[in-house]
Amino acid sequence: MERPRFLAKPELVKSLVLLTLIVTSIVQTVILWDYHPKYQSVQSETQVATVDESLQRQARQVIVPAQTVVHENNAVFATKNTPKQIMRVIRESFEASEFKPLAVKNVPSLYAGVDEAVELILPEAYYADTLSYMLPGSYSLSGKVPQRALIFMGDDTWRIRTIMSDQSLWEGRLSKVGQGDVNSLFLKDSDRAMRRVTYTDERVNYIPVVGPEMNELFAYDVSQIQISARLDWMRDTFFPGDPNVQEVDPASSVGALTNGISVAEYDANLNASRYRNLSRNSTEQESVIGLDTIVEFVNFHGGWVDETSESQGLSLRFDAITPANQGFETTVFRFHVNGFPVFSQREAFINNDAVDLSTLRVENDGTQVRSITRHHLEIDRLISVGTTQLADGQDVVDTLVNAGRFENVTEIRLGYEIEYNEDTSRYVTFSPNWFVREAGRWIPFDQPEDWTERMMYRGLE
């Protein structure tokens with residue numbers, strides 16, 4: 001049987017195969033850079049009573065330990081579980097009781113008599129009941145604010161021991177009430193030994209002994225950025241049924257709505273917005289606003305992270321409370337990507353103010369919510385574009401000490417710097433690095449001079 005002519009010419013076959021591969025590569029590149037999936041708009045809120053409860057993020061879903069480590073005798077390791085998984089197991093397994101301070105005289109250290117334990121480094125607490133988000137049970141902390149918590153087995157009984165902001169120690173008994181797999185709390189990553197860092201203000205956290213190799217990430221912002229569509233959403237969300245709402249002299253990339261009292265502003269370049277004096281319910285508050293009130297307020301005023309972004313590893317977690325400034329406090333929820341916190345330089349915002357694109361911030365004056373400032377980033381896929389080998393933990397500490405900076409540092413964390421491109425491609429990059437909170441602001445440990453950071457509006461931070 002005679003072979004086809006083109007098969008009789010192997011060089012021609014190779015050329016055709018090579019041409020096919022080149023064309024396929026070009027098509028895939030065009031799709032990667034220019035394809036933007038269809039935006040799925042978020043259903044606007046019309047009445048609080050009609051909001052689908054299944055779409056709300058409850059407090060326990062956004063308040064998780066800032067860090068979790070496993071103690072095994074004299075060694076400390078990173079956990080294999082995410083903080084959210086740890087929270088779920090604790091809540092499903094235990095109730096706390098007999099929670100009280102240890103003896104005033106001869107108080108042991110936090111780790112005394114403990115061989116194996118899971119330690120939770122808690123985010124800066126808004127008020128003393130933070131532990132109630134983690135552990136069901138009735139107990140009073142008498143105004144004490146917990147910083148760290150150990151869960152361990154002592155005298156054949158599960159126990160929790162916490163150290164408070166005033167360095168006092170409290171301990172309680174844990175009753176096993178659920179079906180959670182308690183052993184999973186102690187799953188450690190044997191390849192990630194950790195070292196404890198104690199700062200001048202007695203704050204503590206853990207950093208890897210060996211710097212990890214982390215992915216550099218790329219993504220498109222696929223959210224709605226048309227000013228008219230965003231203003232319609234803001235009108236339905238913040239001014240439902242209000243006939244007095246008017247659009248305020250929009251600039252080329254800025255839109256604003258007001259009813260004469262409240263103002264909603266949107267910057268299309270940054271895809272960020274700020275809502276001022278917009279609470280419909282906080283005017284009726286007679287007591288100090290708590291973290292649960294803040295969470296509920298966000299639920300009804302834009303929500304948290306869309307489901308698509310959440311499926312890609314993007315989340316908002318409770319991060320800290322900034323000190324009151326001019327009578328205002330700000331609750332900060334920070335973006336996390338694959339469990340790592342995200343940090344950004346401050347960008348110019350409406351009226352020459354600034355906005356932090358890596359956080360959602362809720363400002364209140366004690367009894368009323370005054371504003372929300374947030375970025376509307378939505379990601380349908382994260383693309384790894386390379387890896388970065390980060391410095392070892394000891395090298396980071398040595399750098400800070402040798403530069404005379406360590407005494408001003410209150411925390412060291414692994415995370416990502418976000419850079420937001422404002423052109424028509426609307427893409428973001430996430431670059432891994434070590435970050436330090438120095439003199440009240442987060443900056444890369446190796447860029448103290450290059451990383452300029454403007455003040456948040458109203459002079460916060």
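Is F430 buried or exposed at 1% relative accessibility? F430 counts as buried, because its relative accessibility is 1% and buried means under 20% relative accessible area, exposed over 50% and partly exposed in between (1.4 Å probe, protein chains only). This is a predicted model, in which local features need pLDDT of at least 70 and side-chain atom pairs count only at pLDDT 80 or more, while totals for chains, interfaces and linings use all residues. Residues are numbered from 1 along each chain as its sequence is written, and side-chain values use heavy atoms, with hydrogens and water left out.

- Let's start with an open sheet of nine strands, which has antiparallel pairing and the order 3-7-6-5-4-1-2-8-9.
- Strand 3 (94-101) and strand 9 (204-208) are the edge strands, and each pairs on one side only.
- From one strand to the next, the twist averages 35°.
- Strands (E, at least two residues) and helices (H or I, at least four) are DSSP runs, numbered from the N terminus, and two strands pair if DSSP finds at least two bridges between them.
- Strand 5 (residues 146-154) and strand 6 (residues 157-164) pair in the antiparallel sense over eight bridges, and P146 stands opposite M164 in strand 6.

**A helix across the strands**

- Helix 3 (residues 83-93) lies across several strands, including strand 1 (67-72), strand 2 (75-79) and strand 4 (116-121).
- Helix 3 runs at about 90° to strand 3, where axes are lines fitted to C-alpha atoms (for helices over the stretch in contact, meaning heavy atoms within 4.5 Å) and angles run from 0 to 180 degrees between N-to-C directions.

**Aromatic rings**

- Rings of Phe, Tyr and Trp (its six-membered ring) pair if their centres lie within 6.5 Å; planes under 30 degrees apart count as stacked, over 60 as edge-to-face and the rest as tilted.
- By this rule, the count comes to 14 aromatic pairs.
- F340 and Y416 form an edge-to-face pair, because their ring centres are 6.1 Å apart and their planes stand at 80°.
- This pair links distant parts of the chain, with F340 in strand 17 (residues 340-343) and Y416 in strand 23 (residues 409-420), 76 residues apart.
- F340 is partly exposed at 25% relative accessibility, whereas Y416 is buried, with a relative accessible area of 4%.
- Y416 also pairs edge-to-face with F430, with centres 6.3 Å apart and planes at 85°.
- Another group to look for is the cluster of F94, W158 and F186, linked by ring pairs.
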